[in-house]
Amino acid sequence: GLAVLTLNRPEAMNALSRELRAALLCAPDDENCDHRLALLLTMLEVDEERRDAVCALADVAERHGKRLLPVAETVLAWRTDPDRETRTALLRFAGYAGCVDQTHWLVDHLVVEGSESGAARQGLAALGAEITDVLLKEAAHGRRSKRDAILPLLRELRVDHDDLWDLYERE
């Protein structure tokens, strides 16, 4: 019903994505959750609506974490979208949804100018200590600009000194 009536009206679709976002943030377990999520995923297919849908999904992932992991492949299919805000939201989504397999992609964006760098940092911080080994490898063998971005993140993750040393020794 509602989605079909509004598909051709950008302002209505924007309102719909905000409404879906709010509903998913507030009531993630309600009986319409899967339907709302499916509507947002459908909006990814429409160029003019993708940014709003991805931003909504990133916000929902920030609140509900790995519960969005099952839809991550569908959402992250747009990683190369030409819109910077869309890519920025995708970086946030990847971290908050627990997409550990996207760690290298997030690390690569630590050194991109603009909002993508901050979103990549946010995403990596959300993944937590689970990605320490990847961060250590990048810090040891990656470009200097990446090292400079990774070291403060490792400190922020509060990885135990002995654990860090063990990881370093294994490398």
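Modeller: A charge sits over a ring if NZ of Lys or CZ of Arg is within 6 Å of the ring centre and within 35 degrees of the ring normal. Here, Arg50 lies over the face of Trp78, 3.6 Å from the ring centre. Likewise, the charged end of Arg79 is placed over the ring of Trp105, at 4.8 Å from its centre. This is a predicted model, in which local features need pLDDT of at least 70 and side-chain atom pairs count only at pLDDT 80 or more, while totals for chains, interfaces and linings use all residues. Residues are numbered from 1 along each chain as its sequence is written, and side-chain values use heavy atoms, with hydrogens and water left out.

Colleague: Which residues have the most contacts inside the largest nonpolar core?

Modeller: In soluble globular proteins, nonpolar side chains tend to be buried together. A nonpolar core is a set of buried (under 20% relative accessible area, 1.4 Å probe, protein chains only) Ala, Val, Leu, Ile, Met, Phe, Trp, Tyr and Cys residues joined through side-chain atoms within 4.5 Å. The largest one has 48 residues, and Leu57, Phe93 and Leu135 have the most contacts inside it.

Colleague: Is helix α6 largely enclosed or open, and why?

Modeller: Helix α6 is largely enclosed by the rest of the structure because 11 of its 13 residues are buried. Among them are Leu90, Leu91 and Phe93. The buried residues of α6 pack against α4, α5 (72-76), α7 (103-108) and α8 (115-127).

Terms used:
Buried < 20%, exposed > 50% of the residue type's maximum accessible area, 1.4 Å probe, protein only. Helix = DSSP H or I, 4+ residues; strand = E, 2+ residues; numbered from the N terminus. Contact = heavy atoms within 4.5 Å.
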